[in-house]
Amino acid sequence: MKKYKIGIFIAMIFTAVMLNAQELLTPEDAVSYALNKNFDIVLAKNDADIAKINNNKATAGMFPKINITTGDVFNLSNVNQKFTTGQTVNKNWVPINSFNAGLNMNWTIFDGMRMFATKDRLAALQSLGDIQLKNQIQNTVAQVLEAYYDISRQVQQIKALQETAKISEERVALSQKKLDVGYSDKTPLLQAKVDFSTQKINILQQQTILQQKKILLNNLMGRAANTDFSVVDTITVDVLPEWESIKDSSVANNYLVQSALKNIDIAKLQHKEINAQRMPSINFTSGYTFTQNNSKAGLQLFNRSYGPTFGLNAIIPIFNGGMVKKQLEASAVNIASQEVQLAQVKNNLDAQVLSAYQNFDYAKKVLQLNEETVQAARENVEITLERFRLNESNSLDIRTAQSSLEDALYNVILARYNAKIAEIELKKLSNKLVH
């Protein structure tokens with residue numbers, strides 16, 4: 001019997017030392033780390049930065065295009081010319097050099113307001129990128145907190161198993177004493193030892209689950225999977241406002257709703273861009289050209305021209321096979337689809353909020369009942385153990401009381417965890433996880 005007590009004592013000391021040596025990670029620390037290192041957040045931030053970079057007048061086509069062109073062509077030609085004066089020129093392999101250079105500007109000064117619609121669409125895309133980044137942050141924070149409190153739940157479960165293991169250990173000790181004094185046969189002792197071994201296996205299994213949960217959280221935070229840490233082993237459930245307040249807040253603040261609204265704006269601006277193709281466009285052109293030709297034979301031995309150029313040209317669309325009409329029809333359908341998606345998002349959001357709120361309310365009620373059950377189960381174990389010492393109950397009575405306590409502890413831990421998860425989900429849906 002002493003070896004069992006010594007084994008448990010050593011395990012408890014080892015566990016305490018390890019916990020003290022580990023980093024204490026608070027929920028706030030986990031969230032802060034994930035905000036800087038989580039890969040999904042980093043990628044979403046890059047997408048938002050790209051949308052911000054693209055939101056400029058140059059991309060919208062509002063600025064002129066200026067180019068420098070130059071070229072120098074050298075060739076050998078056979079020249080055979082006759083002039084009205086009777087003079088003739090007949091030479092082979094005459095070197096001819098043609099050089100040209102120019103500075104050209106092309107500026108679209110009117111395109112049916114298409115460039116302005118494009119600029120507005122780019123601004124809407126930037127806004128959408130920011131919303132999607134915030135949504136990714138919100139989702140990641142929810143995942144991190146859920147993973148964190150899952151670890152806290154596993155720690156509590158280990159403590160609960162250790163508490164019930166002590167009961168098994170005491171059963172072994174009492175059964176041994178009864179066997180020694182001849183009050184009982186060996187069967188209760190053997191069963192107590194089997195139950196105690198099962199408890200130790202359950203603790204080992206739970207510790208393995210704990211390590212796996214830590215790996216998951218490390219991955220979400222974007223750090224090495226083998227980084228060890230300890231967590232706050234208590235779960236505090238916040239008091240949430242009434243249902244109507246949560247519902248209104250979710251509809252007004254949810255990022256998925258905001259994204260759906262922004263997608264409708266983008267679709268309408270794309271419609272304007274397509275419609276602008278029906279309007280005439282006016283381009284202003286300007287430049288400076290330089291051309292020089294050199295020849296060793298022929299009518300012109302040297303020719304040079306240079307100077308500025310200016311011009312306006314207009315393109316008036318008359319008929320393009322009905323392509324713009326079909327594009328507008330498809331665009332109108334796209335706008336309608338975006339509006340349907342908005343309605344779908346709102347409908348799904350209502351269902352998710354209601355479900356999460358009901359889960360939270362249920363978990364809170366179950367938690368209160370289970371807390372009362374735990375108190376009763378602990379008292380029942382104490383009474384049953386005392387009666388067993390006095391030979392007023394048997395080992396089966398203790399095992400039954402112990403099983404009831406195990407179930408009560410498991411249920412109260414699970415109820416508290418479920419309430420916390422429902423709370424996190426409600427805060428996520430109303431964008432209250434990150435301020």
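Predicted model: local features only at pLDDT ≥ 70, side-chain atom pairs only at ≥ 80, totals over all residues.

Reader: Fine. How many residues has α8, and how far does it reach?
Author: Helix α8 covers residues 255-275, which is 21 residues. From first C-alpha to last it reaches 30 Å, close to the 30 Å expected at 1.5 Å a residue.

Reader: What caps its N-terminal end?
Author: Asn254 does. One of its side-chain oxygens lies 2.9 Å from the backbone nitrogen of Leu256.

Reader: Which residues of α8 are buried?
Author: Among them are Tyr255, Val257, Ile264, Ile266 and Leu269. Lys262 and Glu273 are also on the buried list.

Reader: And what do those buried residues pack against?
Author: The buried residues of α8 pack against α5 (114-181), α7 (243-253) and α9 (323-389).

Reader: Switching to rings. How many aromatic pairs are there?
Author: The structure holds 4. In one of them, Phe99 and Phe290 have ring centres 6.0 Å apart.

Reader: Why is that pair edge-to-face?
Author: Because the ring planes of Phe99 and Phe290 are at 65 degrees, and over 60 counts as edge-to-face. Phe99 is in strand β3 (residues 88-110) and Phe290 in strand β5 (residues 281-295), 191 residues apart.

Reader: How accessible is Phe99? And Phe290?
Author: Phe99 is partly exposed at 30% relative accessibility. Phe290 is partly exposed too, at 23%.

Reader: Which residues do ring pairs link into a cluster?
Author: Phe99, Phe290 and Tyr306.

Reader: Last topic: which charged ends sit over rings?
Author: The charged end of Arg153 is over the Tyr417 ring, 4.4 Å from its centre. That of Lys200 is over the Phe196 ring, 5.0 Å from its centre.

Notes: Residues numbered from 1 in each chain as written. Heavy atoms only, no water. Helix = DSSP H or I, 4+ residues; strand = E, 2+ residues; numbered from the N terminus. Expected span 1.5 Å × (residues − 1). Buried < 20%, exposed > 50% of the residue type's maximum accessible area, 1.4 Å probe, protein only. Contact = heavy atoms within 4.5 Å. Polar contact = N/O pair within 3.5 Å; in protein donor to acceptor, adjacent residues only side chain to side chain. Phe/Tyr/Trp six-rings, centres within 6.5 Å; stacked < 30°, edge-to-face > 60°. Lys NZ or Arg CZ within 6 Å of the ring centre and 35° of its normal.
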